Amino acid sequence: MSVTSEIDNESKQVTIFVQGAFGFNLIHDFKRCYADKRDYAYTIDLRKVDYIDSAGLGILINMQNYLAQHDGSIRLTNTLPQVRKILAISRFDKKFRIE
């Protein structure tokens with residue numbers, strides 16, 4: 001269970017990689033990846049996430065709310081079928097670009 005990020009300051013792009021279960025235990029590490037970069041575009045790579053719970057969904061909503069004032073975009077990529085199903089049931093496909 002971990003969160004890492006890659007930052008490209010030139011193109012103002014941040015890619016956040018999440019591994020393991022995406023839930024409450026990752027809240028502080030995840031927030032550190034975007035807290036001081038509001039005008040960046042974000043890609044959240046979920047290829048190594050095998051489960052996302054309501055706290056993980058809340059983390060994504062909090063990020064979206066935090067970035068909303070600065071037009072920061074968020075893409076969710078490489079979702080496994082079980083995670084994509086949870087995102088669809090939660091109607092996150094209406095709030096985020098899921099690729």
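How exposed is arginine 75, in terms of relative accessibility? Arginine 75 counts as partly exposed, at 25% relative accessibility. Buried stands for under 20% relative accessible area, exposed for over 50%, and partly exposed for the range in between, with a 1.4 Å probe and protein chains only.

The model is predicted: local features need pLDDT of at least 70, side-chain atom pairs count only at pLDDT 80 or more, and totals for chains, interfaces and linings use all residues. Residues are numbered from 1 along each chain as its sequence is written, and side-chain values use heavy atoms, with hydrogens and water left out.

Six salt bridges are found in a search of the whole structure; the term requires a side-chain nitrogen of Lys or Arg within 4 Å of a carboxyl oxygen of Asp or Glu. The table lists some of them, including the pair formed by arginine 75.

| Pair | Closest N and O atoms |
|---|---|
| Aspartate 36 and lysine 37 | 2.5 Å |
| Arginine 47 and aspartate 45 | 2.7 Å |
| Arginine 75 and glutamate 99 | 2.5 Å |

Arginine 75 forms its salt bridge with glutamate 99. This pair links distant parts of the chain, 24 residues apart: arginine 75 lies in strand E4 (residues 74–77), and glutamate 99 in the segment after strand E5 (97–98). Strands are DSSP runs of at least two residues, numbered from the N terminus. Glutamate 99 is partly exposed, at 40% relative accessibility. Arg75, Arg97 and Glu99 belong to one network, joined by salt bridges that share partners.

In the pair of aspartate 36 and lysine 37, aspartate 36 is exposed at 62% relative accessibility, whereas lysine 37 is buried at 11%. Arginine 47 is partly exposed, with a relative accessible area of 47%, and its partner aspartate 45 is buried at 5% relative accessibility.

Definitions and conventions. Helices (H or I, at least four residues) and strands (E, at least two) are DSSP runs, numbered from the N terminus.
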